Amino acid sequence: KRPLVEVEGLKMYFPITAGLFRAKVGDVKAVDDVTFTIFEGETLGLVGESGCGKSTCGRAVLRLYEPTAGSVLIDGEDVLAAPPGELRALRPKMQMVFQDPQASLNPRMTVAGIIGEPLDEHTTLNRAQKLARIYELMDKVGLNRDFANRYPHEFSGGQRQRIGIARALALNPRFIVCDEPIAALDVSIQAQVVNLLEELQDSLGLTYLFISHDLSMVRHIADRVAVMYLGRIVELASRDALYEAPLHPYTQALLSAVPEPDPNAETTRQRIILKGDVPSPANPPKGCNFCTRCPKVMDLCRRVEPEYREVAPGHFTACHLHNQTAGQTAA
Ligand code: SF4
Ligand code: MG
């Protein structure tokens, strides 16, 4: 498979200032040295507890924030190095579906206006062509064309998310960041929206970064999964490897809280309860960033940061337990 999105060494730091002259006293390391690839046509799930940096990561990849460091290639084009004019030309390739359709849709614009806005900005379609395209997009996401002149508040949450998806599709993107696209929706309609995203992926050949805290949903939709903790990816693997044989103690703890898909499974997973809170990303622990909560912490972990590396084909993790040179480093 061909890589469509290549993220390397991505950092998103927010400065912390203090005092009368707002002197910089440190950084909140919201995303700290993140590297991953997304292959064309696949869904990479990005999971972790709230505040771990996954939304910031998704926005930094699309350059909705200006990242502190790193590189992002989308279809071979350097998104972070592009000057503003070129960035505008790259916009149609990469889009975002937001968590809260209520907040991300302009309440004073009609559905046709909302879906047509990117067409106005990036194409030279005439009125008739534009309307035809808007109708086509409404068909694609399952919205009745008769509703084109209605306003967002006249729709249910699920329908509003369909409007958001239609807008994201307007310019025929290759890559879409879906940031918790169903978290704000009623459970009864979450599956419909997920199914729609999957159908669109198949029919349009889309590539997704699917950000979610819902590990059961991600198991359903993702081909590969990355786990974030405190601004870093601690493990990345194929869906089956990650859910059936997680290597990182944090992934093991997260998964231990997810109900078993098969209630008749022979061995029931032991629930791992993590002690303490997630440390502040302004002051992460030295060594392994999980060392303050890890049930398997060793002395080495508090001194030496584990390298993020490929420990089995396609299976990456950052943990001294899976680092062949750990023994030597410790000695
Ligand atoms: Fe736990 Fe040490 Fe592995 Fe970090 S490096 S996850 S503290 S065992
Ligand atoms: Mg899929």
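I count two strands as paired if DSSP finds at least two bridges between them. Strands (E, at least two residues) and helices (H or I, at least four) are DSSP runs, numbered from the N terminus.

**Entry 1: ground rules.** This is a predicted model, so I note that local features need pLDDT of at least 70, side-chain atom pairs count only at pLDDT 80 or more, and totals for chains, interfaces and linings use all residues. Residues are numbered from 1 along each chain as its sequence is written, and chains are lettered from A and ligands numbered from 1 in the order in which they are written.

Entry 2: I then checked strand 1 (residues 3–18) against strand 2: 13 bridges join the two, antiparallel. T17 has K24 of strand 2 as its bridge partner.

**Entry 3: strand 9.** Is strand 9 (residues 224–229) enclosed or open? Six of its six residues are buried, so the strand is largely enclosed by the rest of the structure. Buried means that 20 or more other C-beta atoms, placed from the backbone, lie within 10 Å of the residue's own. R224, A226 and M228 point one way, while V225, V227 and Y229 point the other way.

I followed its neighbours next. Strand 3 (residues 43–47) runs parallel to strand 9, joined by four bridges. There, G45 is partnered with V225. Strand 10 (residues 232–238) pairs with strand 9 in the antiparallel sense over six bridges. V227 stands opposite E235 of strand 10. Strands 9 and 10 make a hairpin with two residues between them. In that turn, L230 has a positive phi of about 50°.

**Entry 4: the core.** The largest nonpolar core holds 81 residues. Such a core is a set of buried Ala, Val, Leu, Ile, Met, Phe, Trp, Tyr and Cys residues joined through C-beta atoms within 7 Å. A226 and V227 are among those with the most contacts inside this core. Leaving out residues up to four places away in sequence, I find A226 touching F36, L44, G45, L46, I233 and L236. Contact here means C-beta atoms, placed from the backbone, within 7 Å.

**Entry 5: the record.** UniProt lists residues 5–255 as "domain: ABC transporter" in an unreviewed entry. Over residues 5–255, I read 38% helix and 28% strand. The end C-alpha atoms there are 27 Å apart.

Methods
Buried ≥ 20, exposed ≤ 12 C-beta atoms within 10 Å, placed from the backbone. UniProt positions renumbered as here; feature names shortened; annotations may be inferred. Contact = placed C-beta atoms within 7 Å.
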